Amino acid sequence: MGNNSLVSIADINKAEILEILEAAAYFEAHPNHKLLDGKVVATLFFEPSTRTRLSFETAVNRLGGRVIGFSDAGTTSTSKGETLKDTIKMVSNYVDLIIMRHFIEGAARYATEVTDIPVINAGDGANQHPSQTLLDLYSIYKTQGTLNDLNITLVGDLKYGRTVHSLIMAMQYFNPTFRFVACEELKMPEEYKQFCRDKGITFTEETNFSKDVIDSSDIIYMTRVQRERFTDLMEYERVKDRYSLHNSMLDTSKPNLKILHPLPRVNEIAQDVDDNPKAYYFQQARNGLYARQAIICRALGIDLSTINRSSDC
Amino acid sequence: MSASHTSNKKSLAVAALRNGTVIDHIPESTLFKAVRILGIENLQTAVTIGNNLESSKLGKKGIIKVSDVEFDENTLNRIAIVAPKAKINIIRDYEVTEKREVVLPDRILGIVKCPNPKCITNNEPVQTKFDVIDREHVILRCHYCGRALTSQDAVIE
Ligand SMILES: [Zn+2]
């Protein structure tokens, strides 16, 4: 990859992550800085995701760029059997940047190999979704004032949840302590536990979402436990409420605690949590706009350090 | 080198090879994958394939003897995907003229199929690409979808 494409969180190092977070902070303070004047950006959503698409398109618009694209592959030539390669090559003739989401895993990586235009992966099946990870990091950074030395509790579907896997990868630079709270069927895969051991990251595994765990957390990252993930539906019925958060459970939690969730939520966070100032998932989604503005600028070769310096004055 | 000649000649005498290649110490469970990697189905020369032979190192082992063919190094190294401890003997005029170990490449192009049906390599005409992430246990990771697999699970294209 000879350009500034962003396919996986593993494509960027610690310095680049911090640069993106600083730029996100700048865009939060100055959301309408027209850095993309004259640029055209394609949003190619082979799989519909209104939430992610609107966030990216708002980011481009606020930066003063223009957007072309589609929001559903059913309306494109893909439905006529055109290969991804041909679609990417065709679109590359028109735009300065491609933001793409696809249900096929590895689609974005492959796209970077068939075009010289930078590509941002807005999700490829169960594989990668790096802008989600960066907005998660920005949310943690913003609410805790640091990324270092935090107690982070991951709850729910830790087996299939790509957001929690990517978060572990990204936090490797910041000395976190993780708690993995999940039922047996959805526990953290060995691969990621081995990653933690290799990087010297402390973690514990819990099947109970206990008071002790909650009261010692700086961040609780909730994920959805989906029924279709279970081979045994009896097991689903047994555990579905065990990993739900209710407001009363937060009574003795740390004052700096924030609750994150990639959304959409179903019933893993009760409505009564929403009014608690520790609930942060709606602001978290808004942070996605600023993180994506930073990611888009980086992909287009706009020097983030210049932007970050201008934020000092 | 020369000291080992006699013993090698002895062990290979079963189907004495005048010229060619002997691939020894292949795990019995992956022998036929090794056969596919070498593309032996398409060869016209004499081939002897033995399996479940006694081995002091592996318990049971497989062996492949191919007459009149010397494989290039890249092809032989691909054997390491399924038989990391394989030993290569090049035979010329009944003598073992060269002994080689296989070396697992860092990256494997083609040969192995990604087991993930949702992977781009199973949905578009894309050559597979795997990074070796654990040399000791021979664990590969798909460059595209990130799926990790062991050599035991590797399906050879
Ligand atoms: Zn794959």
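I began with the salt bridges between chain A and chain B and counted three. The model is a predicted one.

One of the bridges I looked up joins Glu105(A) to Lys118(B), with 3.8 Å between the closest N and O atoms. On the side of chain A that touches chain B, helix H3 (84-92) and helix H4 (107-114) each supply at least two residues. H4(A) gives the most, with four residues. I sorted the residues of this side of chain A into five nonpolar, four polar and six charged.

Next I took the area. Chain A and chain B bury about 1,100 Å² between them, with 48% of it on carbon and sulfur atoms. Of the area that chain A buries against chain B, 45% comes from Ile104(A), Glu105(A) and Tyr110(A), more than from any other three residues. The contact draws 15 residues from chain A and 12 residues from chain B.

I then turned to the inside of chain B, which is divided into domain 1 (3-101) and domain 2 (107-156). Their contact takes 10 residues from each of the two domains. The C-alpha centres of these domains are 25 Å apart. The two domains bury about 840 Å² between them, 66% of it on carbon and sulfur atoms. Across this interface I found zero salt bridges and two residue pairs in polar contact. Helix H2 (residues 31-38) of chain B gives the most to the domain 1 side, with three residues. That side divides into five nonpolar, two polar and three charged residues.

Note on methods: Residues are numbered from 1 along each chain as its sequence is written. Chains are lettered from A and ligands numbered from 1 in the order in which they are written. This is a predicted model: local features need pLDDT of at least 70, side-chain atom pairs count only at pLDDT 80 or more; totals for chains, interfaces and linings use all residues. Side-chain values use heavy atoms; hydrogens and water are left out. Domain bounds come from an automatic or database domain assignment. Contact means heavy atoms within 4.5 Å. Buried area is the accessible area (1.4 Å probe) that two parts lose on being put together, summed over both. A salt bridge is a side-chain nitrogen of Lys or Arg within 4 Å of a carboxyl oxygen of Asp or Glu. A polar contact is a pair of N or O atoms within 3.5 Å; within protein, one must be able to donate a hydrogen and the other to accept it, and residues adjacent in sequence count only if both atoms are side-chain atoms. Ala, Val, Leu, Ile, Met, Phe, Trp, Tyr, Cys and Pro count as nonpolar, Asp, Glu, Lys and Arg as charged, and the others, Gly among them, as polar.
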